[in-house]
Amino acid sequence: MDKLTLSNGIAIPCMGFGCYNAFDDVITSAVRMALEAGYRYIDSAAFYKNEPAVGEGLSSYSGAREDLFVLSKAWPSAFEDMEAAFGCTAKDLRLEYLDAYIIHWPGTNDKRRLSAYEQLLRLTEKGYVRAPGVSNFNITQLQQIKDEFGVYPAVHEIECHPSYQQRELIDWCRERQIQIISYEPLNRTKDLSLPAVSMLAEKYGKTPAQIVLRWHVQHDQIPIPKSGNRDRITENISLFDFELSADDMEAIDALETGVKDGLDASKFPAGF
Ligand SMILES: NC(=O)c1ccc[n+]([C@@H]2O[C@H](COP(=O)([O-])OP(=O)(O)OC[C@H]3O[C@@H](n4cnc5c(N)ncnc54)[C@H](OP(=O)(O)O)[C@@H]3O)[C@@H](O)[C@H]2O)c1
């Protein structure tokens, strides 16, 4: 699988595997199946309440640790003590370091968020984290990081799929070498039944999921689909034997509706 290079020189696979909303043996075996199918980037989070089971799945990997890219996320409740939060996640995932550790949601308190990011930079300096990043931030919050610490986050994980593309934010990030990771890349399956996607699936002899995921990959916005099903896990990574034409990329670009599926970062999670 191709890799992209982050602003600090770290390589990241051009697609990953999401771990949200699956638990115990289901996520352990999903992570194992993903590794067997060739995924090397695993997208985890303390909030998913399944990191010990994700760690169990990761422990089955017999290749070199350096070949894996493991990302986890700190919830705003961890902002006071990011080192402790990192310690729990690292223990649960059975890892000594994370390839990326990111702030899951910005919260509404600038001071607390910037203090958390400063702690994240210290974890990076100490070698516990290879790439610091964020998720669900707006442009103002990203710029605050640069103004305060002199460097933008290496990655930004955001909701992105054909129905909600966040093109302005993505272009802004791209100009500043902030790598986009697309969460809910299939719009939790809702985008798979769009007529334009079905037509392209028929044209290329691929499934709707492969068309949508290939669109992300060709835009260099790393998709991290989740599946608990072996066939769909394999289907989703079988993307590297075809290419969407420029016209067909534009046809998917035209599916933007401005309607997001997920929560509003100015209100969620409440109390932070
Ligand atoms: N940073 C954030 O705030 C944030 C927020 C949300 C998500 N995320 C990350 O993004 C990852 C992906 O998002 P998501 O899991 O919410 O949504 P998603 O990947 O867009 O969709 C997952 C759903 O699609 C189904 N699916 C997967 N492959 C399929 C295929 N080929 N054909 C038909 N259905 C398919 C899955 O069902 P089966 O399991 O039955 O296959 C599951 O119900 C998460 O797991 C998480 O790691 C991050």
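## Salt bridges

Asp 99 and Arg 130 meet through their side chains in a salt bridge, at 3.2 Å from N to O; the term denotes a side-chain nitrogen of Lys or Arg within 4 Å of a carboxyl oxygen of Asp or Glu. Asp 99 belongs to strand S6 (residues 98-103) and Arg 130 to strand S7 (residues 129-135), so the pair ties together parts 31 residues apart in sequence. Helices (H or I, at least four residues) and strands (E, at least two) are DSSP runs, numbered from the N terminus. Asp 99 counts as buried at 0% relative accessibility, whereas Arg 130, at 32%, counts as partly exposed. Buried here means under 20% relative accessible area, exposed over 50%, and partly exposed in between (1.4 Å probe, protein chains only).

The model is predicted: local features need pLDDT of at least 70, side-chain atom pairs count only at pLDDT 80 or more, and totals for chains, interfaces and linings use all residues. Residues are numbered from 1 along each chain as its sequence is written, and side-chain values use heavy atoms, with hydrogens and water left out.

A search of the whole structure finds 18 salt bridges. Among them is that of Arg 188 with Glu 184, whose closest N and O atoms are 3.4 Å apart. Arg 188 is partly exposed, with a relative accessible area of 44%, and Glu 184 is buried, at 12%. A network of salt bridges links Glu 184, Arg 188, Lys 190 and Asp 261.

## Aromatic pairs

The whole structure holds 11 aromatic pairs. Rings of Phe, Tyr and Trp (its six-membered ring) pair if their centres lie within 6.5 Å; planes under 30 degrees apart count as stacked, over 60 as edge-to-face and the rest as tilted. The ring centres of Phe 17 and Tyr 39 are 5.3 Å apart and the planes stand at 70°, so this pair is edge-to-face. Phe 17 lies in strand S3 (residues 17-18), and Tyr 39 in the loop between helix H1 (24-37) and strand S4 (41-43). Both Phe 17 and Tyr 39 are buried.

Tyr 117 and Phe 149 form a tilted pair, with 5.8 Å centre to centre and 35° between the planes. Ring pairs also link Phe 47, Trp 75, Trp 105 and Phe 268 into a cluster.

## Surroundings of Ser 163

Ser 163 is placed in the loop between strand S8 (155-159) and helix H6 (167-175). At 8% relative accessibility, Ser 163 counts as buried. Residues touched by Ser 163, not counting those up to four places away in sequence, include Asn 187, Asp 191 and Leu 255; contact means heavy atoms within 4.5 Å.
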